[in-house]
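Colleague: I'm new to this one. Could you walk me through some of its side-chain contacts?

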Amino acid sequence: MSENSSRARWLALAVVCAGMLMVILDGSITTVALPAIQADLHIGAAGLAWVVDAYVVAFGGLLLLAGRLGDLLGRRRVYLAGIAAFTVASVLCGLAVNSGTLIAARFLQGAGGAMASAVGLGMVVALFPDPVERAKAFGAVGFTGAAGASLGQVLGGVLTQGLGWHWIFFINLPIGAAALLAGRRLLADDRGPGLKAGADAPGAVLVTAGLMLGVYTIVEGGPAGWTSARTLATGAAALVLLAAFLLRQARTATPLLPLRILARRTTALANLIQLLMLAALFGFQILLALYLQQVQHYSALATGLSMLPAALTIAAVSLLLAARTIARLGERRTLLLGLALLTVGIALLTRLPAGHLNYAADVLPTMLSAAGFGLAATALTALGMADARPEDAGLLSGLLNTTQQVGAALGVAVLTAIAAGRGTGGFHLAFGTGAVLLAAAFLLALALPRPGRPAAPAATAAAEPPVLVHN
């Protein structure tokens, strides 16, 4: 392969990562600015929650559809459309003068973010067919996520305090414009076979409505009550819609989600492991911040700085060590190592004191164990995309992103509910629950196919004992 061709591929990866960075930055920046938004627009608690939830519902609900549209219409086209929609919506958010306009613009932001994120991993797979280079590329994607999360916390505070909350959205304009211009030049045009090859409009309506309603049920389950009539009704409706979607996919000639994808053992396990891992880790992030502020009375700045070592560790491991570890140990062993580190790290938080906190002894070891996420996330992405064919790489990318969003929303909702109103003991119970979720993910990872052994379909893998020995 020529040097120019290799350079072009890495430049294209930089464009993909730039779009991902913008989407990730928005999440952490917005969280920091919520108090200022509430005060300026005179939004009540319920309206303020929807400033976040409108984005989450649109993002989580549209990922699977956006990924499939990328396969059918071309991933470059869907990616650029998503970046454009996200950028325009960001400007509308910054110009909002009332809660209704802001919430509507946030929904549009979520839709644009879903389009860009859903096809991102599929584009990486197409750009880097070589497994070694692909692992390095996935490491760069992991670094982008960690860097965006840590930078967002700092940048959100600086912009909100120095220029006003509107600028947390306006900052996306130059990033989005640059990503669009560079993307048009550097991303290869990969026109797909067209909507006739698998548009399935009824299926698209069913899965999008089911996922949106499911995410809505999760994010509203805590405030409304998990056993309330509304929560039970919306949850049941979401399950009915998703069941109807799967039934249609089994019968239609051009399915939106070919069920052969879910029958792949590696694909099914990778998505389930990711759901459990993200449920534990997103919940941990929120809970630790609450513990530091509510129990230890840390300021918002001190809390952000206390958690910064985790983001820096993840970024360094993702960029510098993950690809080398995968090349030496393989994806399965690397994933197991990462999950083991994370399980131990979260379990250590069950010792957090109600009295004086010794940060170096009580919190820092968990922050450093976040290196496990840099390893596990990179390996899990590689495993989740391992069976990707050119015609369904976008769909697999969307599926991975969907389980990530559902897991994150579920983890935050459930673990915060466990901790609520129980003092330090509640935090201990919630962190212990997170460790159990990670331990379950570790056990599932043991069942992943070993190198050199063909992956069994998911339907038959359930009858096989877990693989306890690797290599």
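Predicted model: local features only at pLDDT ≥ 70, side-chain atom pairs only at ≥ 80, totals over all residues.

Colleague: Where do E133 and R9 lie?

Modeller: E133 is in helix α5, residues 131–162, and R9 is in helix α1, residues 3–41, so the pair ties together parts that are 124 residues apart in sequence.

Colleague: And R9, buried or exposed?

Modeller: R9 counts as buried, at 9% relative accessibility. E133 is partly exposed, because its relative accessible area is 22%.

Colleague: OK, switching to rings. How many aromatic pairs does the structure hold?

Modeller: Five. One of them is Y55 with F59, a stacked pair with 5.6 Å centre to centre and 20 degrees between the planes.

Colleague: Which helix do Y55 and F59 lie in?

Modeller: Both are in helix α2, residues 45–73, and they sit four residues apart, about one turn of the helix. Y55 is buried, with a relative accessible area of 9%, and F59 is buried too, at 5%.

Colleague: What about W165 and F169, why is that pair called edge-to-face?

Modeller: Planes over 60 degrees apart count as edge-to-face. The ring planes of W165 and F169 are at 85 degrees, with the centres 6.2 Å apart, so that pair is edge-to-face.

Colleague: Are those two buried or exposed?

Modeller: W165 and F169 are both buried.

Technical notes: Residues numbered from 1 in each chain as written. Heavy atoms only, no water. Phe/Tyr/Trp six-rings, centres within 6.5 Å; stacked < 30°, edge-to-face > 60°. Helix = DSSP H or I, 4+ residues; strand = E, 2+ residues; numbered from the N terminus. Buried < 20%, exposed > 50% of the residue type's maximum accessible area, 1.4 Å probe, protein only.
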